[in-house]
Structure formats: structure tokens, C-alpha cells
Amino acid sequence: MSDLKARLRADLTAAIKARDELTTATLRMALAAVTTEEVAGARARELSADEVLRVLAREAKKRREAAQAFDAGGRPELADRERAEGAVLDQYLPAQLADTEVAELVRAAIAETGATGPAQLGAVMKAVQPRAAGRAEGRRLADEVRRQLAAGG
């Protein structure tokens, strides 16, 4: 079992003992998502720490999107719950890159690939995504690549 998955289970046990309903529910949901990913496909397998991180990042993104949808729908109490669950998940994710760090990674990828315009978006994304893995959402990266390519690098 990966260290991260073991940490999730240990933290779940502690949250149950502390009667922390929010953390308990959030960690149960996260572990269920990990288990679902493990049994998906032709045969069951154990996820690596990186794969568990990807599952947690996906779940955190779902919480952010749900909070936005609840805000737009006039349901602030549900949006607050989604944000609180996202905050619990964020404790297990690597720190997100600042805008300046994203811009620098994109600048380096553009220089490396020799991209000169928006037509090379895919090549730049292919170069920059592994460097930002888990620390910046694809949308943020793509927006910055488009901005820099439109501005001429």
C-alpha cells in the first residue's frame, strides 16, 4: 500500500475517533475513489503514490467545480460544504504553483520546443505538463501557453 493511501486511512481513523464528520466523510469519499480506480480495468491492482495523488487532485477539482455551481445556483451553504471538503483534500496534495512559476515553466517549454504561434499549443503542453504534474491544473497551463504564444513568446 502506498504511503499516501496508508496516511489517508490513518487520518480517517483519527477523524472517526475525534467525531469530525466533515473530515470523516471527505476521507471516506477519497478512499472510495481510490478503491474504484484500483478495481477499474481488466484486473484489480494497487495504485502508486502518484496515481493516488491524481485521484485526489481529480476529487479536489470536482469539489471546486461543485462549489462554483452551487454559488451560481444560489446555494451558498452547499458551496461552503464543497469548499470545506476541498480544503481537507488539499492537505494531501502538493502546493500549487504561483502564477509567476507557471509563467516561467511555460516560457522554458516554449523556448525548448521552439514554438512560435498558437498552432504549437499541443507541443508546448506536452513539454510543460510533466513539469507541473499535480501542482497546476491543465486549464491554468493551457491558458498561460495560449497567452504567451499569442504574445509571441
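What share of the 153 residues in the protein is buried? Buried residues make up 35% of them, where buried means under 20% relative accessible area, exposed means over 50% and partly exposed lies in between (1.4 Å probe, protein chains only). The model is predicted, so local features need pLDDT of at least 70 and side-chain atom pairs count only at pLDDT 80 or more, while totals for chains, interfaces and linings use all residues. Residues are numbered from 1 along each chain as its sequence is written, and side-chain values use heavy atoms, with hydrogens and water left out.

Figure 1. Helices (H or I, at least four residues) and strands (E, at least two) are DSSP runs, numbered from the N terminus. Along the sequence the pattern reads α-α-α-α-α-α-α. A box of roughly 55 × 40 × 30 Å, taken along the principal axes, is filled by the C-alpha atoms. Of the contacts with a separation of 6 or more, 59% are between residues 24 or more positions apart; a contact means heavy atoms within 4.5 Å.

**Figure 2. Helix α1 has a buried side and a face turned away from that side.** The 15 residues of α1 reach 21 Å from the first C-alpha to the last, close to the 21 Å expected at 1.5 Å a residue. The expected span of a helix is 1.5 Å times one less than its number of residues. L4, K5, L8, L12 and A15 are the buried residues of α1. Because these residues cover an arc of only 100 degrees around the axis, they lie on the same side of α1; the arc is that of the directions from the helix axis to the C-beta atoms. The exposed residues D3 and K17 are carried on the face turned away from the buried side. The cover over the buried residues of α1 includes α2 and α3 (49–72).

**Figure 3. R19 sits in the loop between α1 and α2.** R19 is not a glycine, yet its phi is positive, at about 60 degrees. R19 follows α1. Its relative accessible area is 77%, which means that R19 is exposed.

**Figure 4. Helix α1 (residues 3–17) crosses helix α2 (residues 21–39).** The two axes come within 9 Å and cross at roughly 150 degrees. Axes are lines fitted to C-alpha atoms, for helices over the stretch in contact, and angles run from 0 to 180 degrees between N-to-C directions. α1 and α2 are therefore roughly antiparallel to each other. Angles under 35 degrees count as roughly parallel, over 145 as roughly antiparallel, 65 to 115 as roughly perpendicular and the rest as oblique. The crossing of α1 past α2 is left-handed. A crossing is left-handed if the near helix is turned anticlockwise from the far one by less than a right angle, and right-handed if clockwise. The contact is made by K5, L8, R9, D11, L12, A15 and I16 of α1 and by T23, T24, L27, R28, L31, V34 and E38 of α2. R9, a residue of α1, is partly exposed, with a relative accessible area of 38%. The C-alpha atoms of R9 and A30 are separated by 10.0 Å, and the two residues are 21 apart along the chain.

**Figure 5. Helix α2 passes α3 in a right-handed crossing.** Their axes come within 10 Å and cross at roughly 125 degrees. That angle makes α2 oblique to α3. From α2, the residues M29, A30, A33, V34 and E37 meet V52, V55, L56, R58, E59 and R63 in α3.

**Figure 6. Helix α6 is covered in part by α5 and α7.** α6 has 12 residues and reaches 16 Å from its first C-alpha to its last, close to the 16 Å expected at 1.5 Å a residue. V124, M125, A127, V128 and A132 are buried in α6. G134 follows α6 and has a positive phi, near 80 degrees.

**Figure 7. Helix α7 packs its buried residues against α5 (99–113) and α6 (121–132).** The 13 residues of α7 (residues 138–150) should span 18 Å at 1.5 Å a residue, and the end C-alpha atoms are 18 Å apart, which agrees. L141, A142, E144, V145, Q148 and L149 are buried in α7. They cover an arc of only 165 degrees around the axis, so they lie on the same side of α7. R139 and A150, on the other side of α7, are exposed. Just after α7, G152 takes a positive phi of about 85 degrees.
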